[in-house]
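Student: I would like to go through the side-chain contacts of this structure. Can we start with the charged pairs and then turn to the rings?

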Amino acid sequence: MFVLTVPHSVCDDGGECSFEHKCDFHAPYAAKALERSLVKHVSPTEVRVLHAQENRCTSDNNRAESRDTHMRTSLRGVLAKENQDDLFVIDVHSYPKTMPHEYKSWENYDLVMMVPDRCTRVFREIHRRFLSKHGNSPGVRVKMIAIHPLCDIVNECTENGKDAVLLEFNERQSYANMSKLCDEWIACFMGVLSSSRENTSTGS
């Protein structure tokens, strides 16, 4: 089973917001595109999408203090029910065209993968295959970095022994390009994940 979480999908905060990027404007579309891509490989019943119900100014669903929100409670219910080998969580975000200094390099990419230690080997292979096929071609430029410690959706998955990744999509790209990128990324992701799970089941 695959769960897509979209913690910053609500853009109407109903008032003043201290966040310059008060929501992830492209994340809902990216999640929909990922869902469409996934169901080319698995049954629609094997894909679930969880959206936040409040703006990040009210409650940031990707932080530990928001684990009691509806979205996070729903995710925890899935984590408790599903077999570890059958569940993968993809936390979906998007970032603005212009980034602050510490994230300036992100502007040169279309997708940034933020990966926890438990999934590093799998995503190194995904990154390697993706670069081997696409190089740094415009529209499919992908960067891989370690997960930020404040990204609590991935943290909670790790605490429960579940695999997860955070995907950040650059908001400068068109929806059409994002849809193509999701198709290419999911095809690579599913190929590597399938091989990894086969190797695990055979003990190799």
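Tutor: A salt bridge here is a side-chain nitrogen of Lys or Arg within 4 Å of a carboxyl oxygen of Asp or Glu. The model is predicted.

Student: Is glutamate 159 buried or exposed?
Tutor: Exposed requires over 50% relative accessible area. Glutamate 159 has a value of 54%, so the residue counts as exposed.

Student: Which residues are linked with arginine 67 in a network of salt bridges?
Tutor: Arginine 67 is itself partly exposed, at 22% relative accessible area. The network joins Arg67 to Arg72, Arg76, Asp152, Glu156 and Glu159.

Student: Is glutamate 107 buried or exposed?
Tutor: Glutamate 107 forms a salt bridge with lysine 104, with 3.0 Å between the closest N and O atoms. Lysine 104 is partly exposed, with a relative accessible area of 39%. The limit for buried is under 20%. Glutamate 107 has 18%, so this residue is buried.

Student: How many residues apart in sequence are the parts that arginine 172 and aspartate 110 tie together?
Tutor: Arginine 172 forms a salt bridge with aspartate 110, the closest N and O atoms being 3.8 Å apart. Arginine 172 lies in the loop between β6 (163–170) and α5 (175–202), and aspartate 110 in the loop between β3 (88–95) and β4 (111–115), so the parts tied together are apart in sequence by 62 residues.

Student: Now the rings: why is the pair of tyrosine 95 and tryptophan 106 classed as it is?
Tutor: The structure holds 9 aromatic pairs. In this one the ring centres are 5.2 Å apart. Planes over 60 degrees apart count as edge-to-face. The planes of tyrosine 95 and tryptophan 106 are at 70°, so the pair is edge-to-face.

Student: What is the relative accessible area of tryptophan 106?
Tutor: Tyrosine 95 is buried, at 2%. Tryptophan 106 is also buried, and its relative accessible area is 6%.

Definitions and conventions: Residues are numbered from 1 along each chain as its sequence is written. This is a predicted model: local features need pLDDT of at least 70, side-chain atom pairs count only at pLDDT 80 or more; totals for chains, interfaces and linings use all residues. Side-chain values use heavy atoms; hydrogens and water are left out. Buried means under 20% relative accessible area, exposed over 50%, partly exposed in between (1.4 Å probe, protein chains only). Helices (H or I, at least four residues) and strands (E, at least two) are DSSP runs, numbered from the N terminus. Rings of Phe, Tyr and Trp (its six-membered ring) pair if their centres lie within 6.5 Å; planes under 30 degrees apart count as stacked, over 60 as edge-to-face and the rest as tilted.
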